[in-house]
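Colleague: I'd like to learn how to read packing in a model like this. Could you walk me through it?

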Amino acid sequence: MHRVPLIYICAAVAAICGCNSDSSRDRDAVAGAEEKQVNPPRVSVPGDDQIIAPDETGIARTVTPTGSIDTRSLFFQNIGINGRACVSCHVANQGWTITPDGVRKRFDRTKGLDPLFRTVDGSNSPLADVRTEDARRRSFSMLLRRGLIRIGIGIPAGAEFELAAVDDPYHFASAAELSLFRRPLPTASLSFLSTVMWDGRENLAGMTILQDLTHQSNSATQAHAQKVDPITDAQRADIVSFETGIFFSQELDFQAGILHEAGAGGGAVALSKTPFHIGINDTLGADPTGQPFNPVAMTMFDAWAGLNKGQEGRTRGAVARGQALFNSKPIQISDVRGLNDALGVPTLQGTCTTCKNTPGVGDHSVALPLDIGLTDPSRRTSDMPLYTLRNIATGELYQTTDPGKALITGKWKDRSRFKGPILRGLAARAPYFHNGFAASLSEVVDFYETRFAIGFTAQEKADLQTFLRSL
Ligand code: HEC
């Protein structure tokens, strides 16, 4: 983590107090966080009550109903059998996920013995050697280098495909349990979700998102914390009430300044008041309120359009230009499984907001996981397993680093489909995409440029990045 000049912390505190001047508890919590920047935080519970937290390019903020983070919630308690809690992988000052930097610090502090470093899903293989610190450093390399957790999912009974070949550098994966290396999703701003988990596996038929999250709180406890018996309804409610009450966003950018100044609507407080319903601003016209799709889904930085005085003004102008590109730069969308094939349209003319249509938030407002090519063998890095699937009916072969939704439905058409996550608080939580493919926002933009031949100029790329880091 970078050392943050005190002036920025003061600015953030002033900004936060300014917009919440009626909440003295909020001020206290912020003051507590400020103190923690000077005196390193306690290490026993990573990320406890850090309402504001510095990141690479500014300061991010969490807002909660009470103005502080209630670490008495079960979210912070060791409720399984391996010492883990939800906070082991969802840390406030790491964007409510974990960052490679944060993971490495925890490893160094504990010689790789912190409960995060468990072989059930923390190591590259459950059979990995963890007897010495050196062995642990090797065995947890995916977690240490890219903040990736190993999700183990087998090929479901009755699937339309079988596993024809496995190339697992860690010699574990099989049809019974593929090793899928994925980033923990942030447990904040969850009231904007339409899809729970990267592959939507917790979207249960006929259930609301709240019911899905309730179910998920138990699955997570049993899977990651290895609890044998299910947790109680009251325990599930405790976790869900905590996680659905928190909103997370960038609050201040070192160059653009406070993100809700001069008429702008960035920051976590505005986010917490952003309206949402499933299907809002639906791209295909299925918003239940009947409102047509509006590609201008991001408007919080409208007031900064055209600013160019001084470094702050110039950066604010860039944020507004980046926002306009996000809303309107034309993209020829082709070969996206879940979209082009489902609509029977080989090329769809769209923009970023075609798939990131939730106003002010940037996830997809309906559950529609898509394959944008992130698991293609051409993008495989040598540390990732590669799977070859065979379609049982046609014999067709297909290679992927992660079959995604197909492992949940067993359907060939669902190969490598993943949800688009919430785009707020991005600066705090690189690397990006389900598999941590992009180490930075610049690599995210490069990915889209390569994949869709958008034709961004260098200036446009820079503006788009400045916008994304301000979310
Ligand atoms: C060992 C690390 C780890 C622990 C511990 C952990 N999680 Fe997660 N969490 C993950 C990973 C990895 C994902 C994404 C996995 C996927 O989608 O396949 C995830 C996803 C989630 C999501 C989905 C968010 C979204 O946008 O869809 C929620 C909610 C969540 N976790 C809550 C919890 C709760 C509650 C607990 C404690 C009971 C918990 N997690 C414990 C690693 C962890």
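Modeller: Helix α9 (residues 310–328) packs with helix α14 (residues 458–469) at an angle of about 100°, their axes 7 Å apart. Helices here are DSSP runs (H or I, at least four residues; strands are E, at least two), numbered from the N terminus. Mind that this is a predicted model: local features need pLDDT of at least 70 and side-chain atom pairs pLDDT 80 or more, while totals for chains, interfaces and linings use all residues. Residues are numbered from 1 along each chain as its sequence is written.

Colleague: How are α9 and α14 oriented to each other?

Modeller: In general, two packed helices are described by the angle between their axes and the distance between the axes. Axes are lines fitted to C-alpha atoms, for helices over the stretch in contact, with angles from 0 to 180 degrees between N-to-C directions. Here, α9 and α14 are roughly perpendicular (65 to 115 degrees).

Colleague: Which strands stand at the edges of the sheet?

Modeller: Strands of a sheet pair through backbone hydrogen bonds, either parallel or antiparallel. This open sheet has 4 strands in the order β1-β2-β6-β7, with antiparallel pairing (at least two DSSP bridges between two strands). β1 (52–54) and β7 (257–258) are at the edges, each with a single partner strand, so one side of each has no neighbour in the sheet. Strand β6 (residues 247–253) pairs with β7 over 2 bridges, and Asp253 has Gly257 in β7 as its bridge partner.

Methods
Parallel < 35°, antiparallel > 145°, perpendicular 65-115°, else oblique.
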